Amino acid sequence: MFTTDLTPAFTDTDALGHINNTRLPVWFEQARTDLFRLFTPDLDPRKWRLILAKLEVEYLAELFYGQPVTIRTYLTRLGNSSLTVTQEAWQGGRLGARGHTVMVHYDHAAKCSLPIEGELRQHLEAHLQDAIAEATP
């Protein structure tokens, strides 16, 4: 599992005083950087080997400005050429949001998916787990 700690900015809030729902997909993408490095260690976009196929976010509790947020990132499915990345946003010991992103290992030049195999598969398997129960981080 990867963890990323974020400090919400004032501009992340909305008129209701909590973190705007549009920020969670951005935070989740930011927190996938360690995962991206498994595919492209130097993060060079010219060597990029991933595409996003699906993104869903469940909003479970309000998140607020002025309190750190921890994003947990792990895999809940590893297929032949795709994977499901599950992420959780925790604040003050409470689960505020959970997201699921389907990513595809992809060759942009050939416009086709690539198998996930060898050392890459082994590194990804280390982050494969069942969805975590709603417990304090």
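Predicted model: local features only at pLDDT ≥ 70, side-chain atom pairs only at ≥ 80, totals over all residues.
I took contact to mean heavy atoms within 4.5 Å. With that in hand, I looked at contacts in the protein chain between residues at least 6 apart in sequence, and 67% of them join residues at least 24 apart.

**Ground rules**

I number residues from 1 along each chain as its sequence is written, and my side-chain values use heavy atoms, with hydrogens and water left out.

**The overall layout**

I looked up the secondary structure and found three helices and six strands in the protein chain. Helices (H or I, at least four residues) and strands (E, at least two) are DSSP runs, numbered from the N terminus. Read along the sequence, the pattern is β-α-α-β-β-β-β-β-α. The radius of gyration is 16 Å, close to the 14 Å that the globule rule gives for 137 residues, so the protein chain is as compact as a globular protein of that length. For that entry, the radius is taken over C-alpha atoms, and the rule is 2.2 Å times the number of residues to the power 0.38. The C-alpha trace spans about 45 × 30 × 25 Å along its principal axes.

**Surface and charge**

How much of the protein chain counts as buried? I found 42% of the 137 residues. Here buried means under 20% relative accessible area, exposed means over 50%, and partly exposed is in between (1.4 Å probe, protein chains only). The accessible surface comes to about 7,500 Å², and 51% of that belongs to carbon and sulfur atoms. These areas come from the Shrake-Rupley method with a 1.4 Å probe; for residues, only the protein chains shown count as cover.

I also looked at charge: there are 13 positive and 17 negative side chains, and the centres of the two sets lie 4 Å apart. Lys and Arg count as positive and Asp and Glu as negative, while His and the chain ends are not counted. The place of a charge is NZ of Lys, CZ of Arg, CG of Asp or CD of Glu.

**Helix α1**

Which residues of α1 are buried? In this helix, residues 23-31, I listed L24, W27, F28 and A31. Seen down the axis of α1, they fall within an arc of 100 degrees, so they line one face of the helix. The arc is that of the directions from the helix axis to the C-beta atoms. The buried residues of α1 pack against β1 (2-6), α2 (33-39), β2 (50-59), β3 (69-78), β4 (82-91) and β5 (94-107).

**Helix α3**

I then turned to α3, residues 118-125, where L120, R121 and L124 are buried. Down the axis of α3, its buried residues also fall within an arc of 100 degrees, so they line one face of the helix. On the other side of α3, E119 and Q122 are exposed. The buried residues of α3 pack against α2, β3 and β5.

I picked out L120 in this helix and found it buried, at 15% relative accessibility. Leaving out residues up to four places away in sequence, L120 touches L38, F39 and H105. I also checked L120 against D12: they are 108 residues apart along the chain, and their C-alpha atoms are separated by 35 Å.

**A stop in strand β5**

T101 has its place in strand β5. Is T101 buried or exposed? At 0% relative accessibility, T101 counts as buried. What does T101 touch, not counting residues up to four places away in sequence? I wrote down R32, L52, K54, L55, L83, T84, V85 and Q87.

**Two loop residues and one in α2**

L43 lies in the loop between α2 and β2, and it has a positive phi of about 60 degrees although it is not a glycine. L43 counts as partly exposed, at 25% relative accessibility.

K111 also has a positive phi of about 60 degrees without being a glycine. I located K111 in the loop between β5 and β6 (112-113), where K111 is exposed with a relative accessible area of 59%.

My last entry is R37, found in helix α2 and partly exposed at 38% relative accessibility. From C-alpha to C-alpha, R37 and L63 are 28 Å apart in space, and they are 26 residues apart in sequence.
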